[in-house]
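Here is a model to read through by question and answer. Keep the coordinates open as you go.

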Amino acid sequence: MKMKALIFLQIREDLVEENTLGILNKLIETNPSIEIHGALLRDQIKSEWVEEAGKHGVKKIHTVKASELEVYLSIPYVKSMLEIIKDIEPNLVIAAGTVYGEDLIPRLAVQHGVSCAERITDITFDSGEIIFHSPVRDDQVMKATKIVGPIKFATTRTGAFFVNENPSGSSPEVTEVSVTFDEDDMVVKHIEIKKAERTVNLKDAKVIVAGGRGVGGKENFQIIKEIAKLLDGEIGATRACTDVHWIEETYEIGQTGQSVSPDLYIGAGISGAPQHMSGIKAKTLIAINTDEGAPIFNYADYGIVGDMHLILPILKKKLEG
Ligand SMILES: Cc1cc2nc3c(=O)[nH]c(=O)nc-3n(C[C@H](O)[C@H](O)[C@H](O)COP(=O)(O)OP(=O)(O)OC[C@H]3O[C@@H](n4cnc5c(N)ncnc54)[C@H](O)[C@@H]3O)c2cc1C
């Protein structure tokens with residue numbers, strides 16, 4: 001029998017959020033026959049979102065349209081998802097592990113009396129079984145999880161999956177699901193959204209130039225910033241640098257920092273600790289390190305053994321033409 005997945009379609013800045021698109025790519029890649037349903041919950045549903053989800057492989061979209069769903073609130077979102085789950089009886093319910101996905105999916109799992117696989121970085125299908133894979137113990141060991149029960153629930157680690165840049169799906173079928181909300185569903189009220197003052201979004205950066213302890217000090221981050229700018233990219237850092245305030249915490253990449261999936265990642269003066277590397281899924285990784293035995297070279301597509309303080313100025317000059 002064909003497997004059925006229900007994905008919570010998250011919208012960010014008026015677009016289908018990219019980790020959500022990454023999950024779609026992963027599901028189709030690993031199980032081409034899977035039937036993918038999408039849940040789109042909002043006060044207004046835009047046709048562009050529906051089309052985008054269809055292009056990336058969603059066959060059927062179930063919408064719940066209500067003013068109560070204008071912004072994410074746990075209870076009305078859970079109620080809507082439960083209604084959709086009841087209608088379509090999926091084998092898998094999955095969402096990107098954003099703050100919303102991580103709030104919603106475990107609540108749905110609890111409602112079904114089962115546990116939830118959280119922050120997975122891979123999913124495999126084996127003779128009708130779904131196996132979730134996630135890194136544990138400071139990312140040094142991979143854990144494979146099977147969940148008991150007819151419906152499996154999972155969230156993914158952000159940045160874990162690439163988005164298909166040439167999706168070829170078609171317009172999905174759309175079904176409107178009617179859900180009514182009463183006062184008890186709205187005990188938590190949305191008042192206002194305040195944008196954070198700093199908006200460093202490394203997740204979407206196509207190029208990241210990152211520095212580690214080898215940078216040697218706050219002022220030396222200047223050249224990292226200049227090269228990132230020349231490449232139209234962002235800067236990143238290891239915890240070794242953010243801990244000592246060479247650079248703001250918001251630039252930290254890794255287990256406790258942001259997960260990133262750029263096309264190009266240049267790491268200078270970074271040893272390649274698993275806690276840092278686990279946050280990176282780069283198409284091309286270039287490492288610059290004085291120690292030829294540094295673990296980062298095991299991850300690198302191109303490695304330069306040498307002093308970053310000599311190499312980065314040469315690179316900058318080249319980029320400036
Ligand atoms: C629970 C937990 C969570 C963590 N989460 C994170 C996380 O999210 N992100 C993260 O980054 N870390 C995290 N860490 C810390 C992590 O374990 C490492 O300590 C950290 O990533 C090391 O940073 P680094 O590579 O900059 O420093 P180091 O490991 O000290 O490496 C510095 C490197 O620079 C090289 N070097 C020195 N001088 C030069 C030079 N002039 N030119 C070129 N190379 C040079 C050295 O050879 C060395 O390889 C976590 C740790 C724990 C325990």
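This is a predicted model: local features need pLDDT of at least 70, side-chain atom pairs count only at pLDDT 80 or more; totals for chains, interfaces and linings use all residues.

Q: Which residues have the most contacts inside the largest nonpolar core?
A: In general, nonpolar side chains of soluble globular proteins tend to be buried together. The largest nonpolar core here has 45 residues. Those with the most contacts inside it are Ile7, Ile105 and Ala154.

Q: Which residues does Ala154 touch, not counting residues up to four places away in sequence?
A: Contact means C-beta atoms within 7 Å. With the sequence neighbours left out, Ala154 touches Leu92, Ile94, Ile105, Cys116, Ala117, Ile120 and Phe132.

Q: How many residues does the second, separate core have?
A: Its members include Ala210, Ile224, Tyr265 and Ala268. The count for this second core is 33 residues.

Q: Which residues of the shell are the closest to the ligand?
A: The shell around the ligand has 28 residues. It divides into seven nonpolar, 15 polar and six charged. Helix H6 (239–243), helix H7 (274–277), strand S16 (284–289) and helix H9 (308–320) each supply at least two of its residues. The closest are Gly212, Gly214, Gly254, Ser271 and His276.

Q: Is Asp14 buried or exposed?
A: Asp14 sits in the loop between strand S2 (11–12) and strand S3 (15–16). Its C-beta has 8 neighbours inside 10 Å. The cut-off for exposed is 12 or fewer, so Asp14 counts as exposed.

Q: What is the phi of Asp232?
A: Most residues other than glycine have a negative phi. Asp232, in the loop between helix H5 (221–230) and strand S14 (234–237), has a positive one. The value is near 60°.

Definitions and conventions: Residues are numbered from 1 along each chain as its sequence is written. A nonpolar core is a set of buried Ala, Val, Leu, Ile, Met, Phe, Trp, Tyr and Cys residues joined through C-beta atoms within 7 Å. A residue is buried if 20 or more other C-beta atoms lie within 10 Å of its own, exposed if 12 or fewer, and partly exposed in between; C-beta atoms are placed from the backbone. Two residues are in contact if their C-beta atoms, placed from the backbone, lie within 7 Å. A residue is near a molecule or strand if its C-beta atom, placed from the backbone, lies within 6 Å of it. Helices (H or I, at least four residues) and strands (E, at least two) are DSSP runs, numbered from the N terminus. Ala, Val, Leu, Ile, Met, Phe, Trp, Tyr, Cys and Pro count as nonpolar, Asp, Glu, Lys and Arg as charged, and the others, Gly among them, as polar.
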